[in-house]
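Good morning, and thank you for coming.

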Amino acid sequence: QVQLVESGGGLVQSGGSLSLSCEVSGSIFSIYAMGWYRQAPGKERELVAAISSSGTASYADSVKGRFTISRDNTKNTVYLQMNSLKPEDTAVYYCYADMMIYGLRRSNYWGQGTQVTVSS
């Protein structure tokens, strides 16, 4: 059994900041990449940021320079610091982890999602 528990979403004014976190727990053999997707109403889910096990980060063009992804491998946790938020950042944010679980094949696992709303 594996759980990805997200926290930190909420409502913020345009230009403000929010920080998301996602902790992975369970029978984990190894965690590879971790990251964040988001899905706005009526739109497809899109990759926001990802980070490799060694700490190499990548970002969607729309968030470069405003969002920072990081991870703490000792805590099996990935973070997303979001600054200079815009109304178009409003979405449900989902964390994911590319993991190998004891007794199972390597696969992507997902959090339950956390709502981020940016008011203009």
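This is a predicted model: local features need pLDDT of at least 70, side-chain atom pairs count only at pLDDT 80 or more; totals for chains, interfaces and linings use all residues.

Is Asp89 buried or exposed? Asp89 is buried, with a relative accessible area of 1%; here buried means under 20% relative accessible area, exposed over 50%, and partly exposed in between, with a 1.4 Å probe and protein chains only.

Residues are numbered from 1 along each chain as its sequence is written, and side-chain values use heavy atoms, with hydrogens and water left out.

Let us return to Asp89. This residue sits in the loop between β8 (77-82) and β9 (91-101); strands are DSSP runs of E with at least two residues, numbered from the N terminus. Beyond its neighbours within four places in sequence, Asp89 has contacts that include Arg38, Arg66 and Phe67, where contact means heavy atoms within 4.5 Å.

Which residue forms a salt bridge with Asp89? The partner is Arg66, and the closest N and O atoms are 2.7 Å apart. A salt bridge is a side-chain nitrogen of Lys or Arg within 4 Å of a carboxyl oxygen of Asp or Glu. Arg66 lies in the loop between β6 (57-59) and β7 (67-72) and Asp89 in the loop between β8 and β9, so this pair ties together parts that are 23 residues apart in sequence. Arg66 is itself buried, at a relative accessible area of 10%. Salt bridges with shared partners join Arg38, Glu46, Arg66 and Asp89 into one network.

Arg38 is buried at 6%, whereas Glu46 counts as partly exposed at 34% relative accessibility. The structure holds five salt bridges. Another of them links Asp61 to Lys64, with 3.1 Å between the closest N and O atoms, and Asp61 is exposed at 64%.

Finally, the strands. β4 (residues 28-39) runs antiparallel to β9, and nine bridges join them; two strands pair if DSSP finds at least two bridges between them. Ile31 has Met99 in β9 as its bridge partner. β4 also pairs with β5 (residues 46-51), in the antiparallel sense and over five bridges, and there Gly35 stands opposite Ala50. In the hairpin of β4 and β5, with six residues between the strands, Gly42 takes a positive phi near 75 degrees.

How values were computed:
Helices (H or I, at least four residues) and strands (E, at least two) are DSSP runs, numbered from the N terminus.
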